[in-house]
Amino acid sequence: MALAVEGTDDKQADGCYSYPLVSEKQEVEVRLARSLGGDEVSVIVNGPLTPELGLRTDTLLSAFATG
């Protein structure tokens, strides 16, 4: 994922890396983009979240969180 967001820019409309999270019945799109000049990563989740997709989204966000 680090390489995927390396060339992104959260200020550009098309500057995100998109990643689908898929369950048996639904799919949501996760969009990631770096803040230029900083270490922050913007995360946008589009689509209806089922409990399974919510858990996958939470896992993805936890992977990017720093303590």
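**Surface, fold and the setting of Thr-8**

The protein chain exposes about 4,700 Å², of which carbon and sulfur atoms supply 52%; accessible areas come from the Shrake-Rupley method with a 1.4 Å probe, and for residues only the protein chains shown count as cover. The model is predicted, so that local features need pLDDT of at least 70 and side-chain atom pairs count only at pLDDT 80 or more, while totals for chains, interfaces and linings use all residues. Residues are numbered from 1 along each chain as its sequence is written, and side-chain values use heavy atoms, with hydrogens and water left out.

Of the 67 residues of the protein chain, 22% are buried (under 20% relative accessible area with a 1.4 Å probe, protein chains only; exposed means over 50%, and partly exposed lies in between). Along the principal axes, the C-alpha atoms fill a box of roughly 40 × 30 × 15 Å. The mean positions of the 5 positive and 11 negative charges are 4 Å apart. In this count Lys and Arg are positive and Asp and Glu negative, with His and the chain ends not counted; each charge is placed at NZ of Lys, CZ of Arg, CG of Asp or CD of Glu.

Two helices and three strands make up the secondary structure, in the sequence pattern α-β-β-β-α. These elements are DSSP runs numbered from the N terminus, helices being H or I of at least four residues and strands E of at least two. Strand β2 (residues 27-34) pairs with β1 in the antiparallel sense over six bridges, pairing being assigned where DSSP finds at least two bridges between two strands. A hairpin of four residues joins β1 to β2, and Tyr-17 stands opposite Leu-32 in β2. Strand β3 (residues 41-46) is likewise antiparallel to β2, over six bridges; Val-30 has Val-45 of β3 as its bridge partner. Six residues lie between β2 and β3 in their hairpin, where Gly-37 in the turn has a positive phi of about 80°.

Thr-8 lies in the loop between α1 (2-5) and β1 (17-22). Thr-8 is buried, with a relative accessible area of 6%. Leaving aside residues up to four places away in sequence, Thr-8 touches Gly-15, Cys-16, Tyr-17, Leu-32, Ala-33, Arg-34 and Leu-36, a contact being heavy atoms within 4.5 Å. The Thr-8 side chain also reaches the backbone nitrogen of Arg-34 at 2.8 Å. Across the protein chain, 37% of contacts between residues at least 6 apart in sequence join residues at least 24 apart.

Terms used. Polar contact = N/O pair within 3.5 Å; in protein donor to acceptor, adjacent residues only side chain to side chain.
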